[in-house]
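Morning, everyone. I'll take a few minutes on one model and work from the inside out. Please have a look at it first.

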Amino acid sequence: MSNRVSPDYDAVIVGAGFSGIYLLHKLRDAGFNVLLVDAAAQPGGIWYWNCYPGARVDSQVPLYEFSIPEVWKSWAWSERFPGWEELRAYFRHVCDTLDLWPMMRMGSGVRGAHYEKETKQWRLQLDSEKTVSTRFLLPALGFASKPYVPNFPGLEDFEGQWFHTARWPQQGVDLSGRKVALIGTGASGVQVAQEAAKSVSKLTLFQRTPILALPMQQKKLSEEDQERDKKGYAAIFETRKQTSGGFECQSLDVSALEVDEKARTAHFEDLWQQGGLRFWYHNFADLLINREANRHAYDFWRDKVRARIVNPNLVELLAPSEPPHPFGTKRPSLEQGYYEIFAQENVALVDLKATPIIRVKPHAIETDDGEMECDLIVFATGFDAGRGGLIDMNITGTNSLSLSHAWEDRVRAYLGMAVAGFPNMLFAYGPLSPSGFSNGPTSAEIQGDWICDFLVWMRENGVDLFEADPAAETGWTEMVAQAGAMTLFPEADSWYMGANIPGKKRQLINFPSVSGYVALCEDVANEEYRGFVIDKPTSKEHLTK
């Protein structure tokens with residue numbers, strides 16, 4: 001037997017969102033000694049940090065929740081698309097129901113993680129100055145954990161307040177009577193705009209690219225209706241894993257070009273009335289691979305939106321005749337009256353392509369067309385998606401290789417979970433997995449189940465070390481790129497392609513199919529985890545049972 005000192009934990013999970021909480025539940029039940037840490041004060045992941053006005057999810061319930069029976073049977077939602085406060089309450093319910101709190105250390109971020117080759121352990125430096133050791137490092141930070149703020153000249157001299165939507169003050173910000181400059185019109189920009197327009201004295205939206213937003217079709221939910229619907233929940237949760245996006249259904253089998261205009265328009269209209277993201281994930285088979293099919297969808301969207309825009313001067317800016325990019329190659333946002341706010345006298349729109357921002361002044365934002373006075377700047381400018389949060393963890397693998405250096409050229413990851421040179425590390429809901437293309441809880445459960453099964457297999461087979469094989473890592477990375485090249489996604493300057501971050505290598509950062517991902521991961525497991533270099537010691541050193 002080895003006299004090597006045992007680590008503090010079998011596994012340390014970083015992040016208390018859907019992926020981290022699910023992993024904690026699975027590994028605890030499998031008998032591992034596990035700890036979860038998170039810099040946030042409460043669990044919820046993105047729903048702790050996203051507490052800006054109007055923040056809510058874009059996947060309808062029950063799709064956007066865990067499939068764990070004891071959790072959903074004892075919970076009821078108040079509306080179809082819950083807001084951040086209700087989602088936080090849901091996470092507390094999950095942790096209460098599953099009794100996870102004793103293994104959670106909230107308010108404790110990770111400053112750095114270093115792999116020690118001699119001990120085959122990871123050593124984590126926490127914000128509390130405490131150091132913990134673990135055999136397995138399991139980051140579950142999500143793909144949107146590092147906010148991006150553009151480097152505008154003069155921002156440091158601004159005398160008002162400014163916030164990124166993902167770092168909104170927990171105590172809230174009173175928008176009443178404020179002069180607000182909102183930079184960015186993605187999902188969070190749309191949600192902030194809808195709320196701010198109700199109470200601010202002036203709201204100026206700075207738009208680079210028009211958002212192709214879809215109607216949310218929000219509605220209240222009764223407990224009685226949910227109790228009735230819960231009879232079908234088990235089937236819905238099973239179906240999620242069998243669709244391309246982790247929803248309750250996927251695209252049709254028929255091309256948009258194989259049906260006549262009447263049938264095509266009727267399907268578009270049906271999806272429109274159902275609301276949510278269905279117009280994106282339940283549309284015709286070739287929506288995201290054929291320009292002509294895609295154009296039919298865009299034209300339908302454009303005509304629907306134009307009918308709602310009162311100001312004729314804004315029609316071409318908000319719903320242009322020619323698409324700014326193929327529809328759906330940027331994740332659509334859901335709106336509730338977004339296009340109507342532009343009829344209000346207190347709302348203005350600035351086209352950044354025509355009049356870019358020159359600098360921020362103490363009380364205004366200056367563009368080529370003049371100054372827009374403001375006392376609050378809201379950056380709805382997105383994230384360094386996929387890699388950002390992982391790089392910020394200061395992870396160092398073998399031979400002092402930092403993750404930021406390993407990903408200097410491009411993001412690489414076998415199965416979208418493991419990186420060569422970083423033994424015994426698996427990340428969830430990160431780059432080159434379905435993550436950004438998928439309904440979050442679906443992806444969390446698929447990867448959580450797989451990771452738990454892998455660690456159990458290692459324990460049962462006396463294996464204490466694994467690492468992604470460099471060739472397998474390269475093969476997976478290139479496969480994702482090739483899959484993307486067969487679609488229209490590369491034609492958009494989106495965060496899906498890493499194009500929203502200056503200097504970031506352009507590549508598709510998400511695996512494009514949940515069901516396809518499940519099949520490939522199952523194949524790897526069935527072949528004794530091919531693609532991993534497995535270190536099988538002569539004497540079995542089992543993990544905690």
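Start with L203. Setting aside neighbours within four places in sequence, L203 is in contact with V180, L182, A193, A196, A197, I341, N346, V347 and A348. Keep in mind that this is a predicted model.

Now to helix α14 itself. It covers residues 440-460, which makes 21 residues. How far apart should its ends be? At 1.5 Å a residue, the helix should span 30 Å. The end C-alpha atoms are 30 Å apart, so expectation and model agree.

Is α14 enclosed or open? Of its 21 residues, 18 are buried, so the helix is largely enclosed by the rest of the structure. After the helix comes G462. The phi of G462 is positive, near 65 degrees.

Buried or exposed? M458 has a relative accessible area of 0%. The cut-off for buried is under 20%, so M458 counts as buried.

What does M458 touch? Leaving out residues up to four places away in sequence, M458 touches F136, N424, V463, D464, L465 and F466. One more pair for M458: K536 is 78 residues away along the chain. Yet the C-alpha atoms of M458 and K536 are separated by 9.0 Å.

Let me zoom out to the whole protein. It has 16 helices and 19 strands. Along its principal axes, the C-alpha trace spans about 80 × 60 × 50 Å.

What radius of gyration would a compact globule of 545 residues have? Near 24 Å. The protein has 24 Å, so the two agree.

Burial next. Buried residues make up 58% of the 545. Contacts tell us about sequence range. Take those between residues at least 6 apart in sequence: 72% of them join residues at least 24 apart.

Last, the surface. The accessible surface comes to about 21600 Å². Carbon and sulfur atoms hold 48% of that.

Methods. Residues numbered from 1 in each chain as written. Predicted model: local features only at pLDDT ≥ 70, side-chain atom pairs only at ≥ 80, totals over all residues. Heavy atoms only, no water. Helix = DSSP H or I, 4+ residues; strand = E, 2+ residues; numbered from the N terminus. Expected span 1.5 Å × (residues − 1). Buried < 20%, exposed > 50% of the residue type's maximum accessible area, 1.4 Å probe, protein only. Contact = heavy atoms within 4.5 Å. Rg over C-alpha atoms; globule rule 2.2 N^0.38 Å. Areas by Shrake-Rupley, 256 points an atom, 1.4 Å probe, with all protein chains shown as cover.
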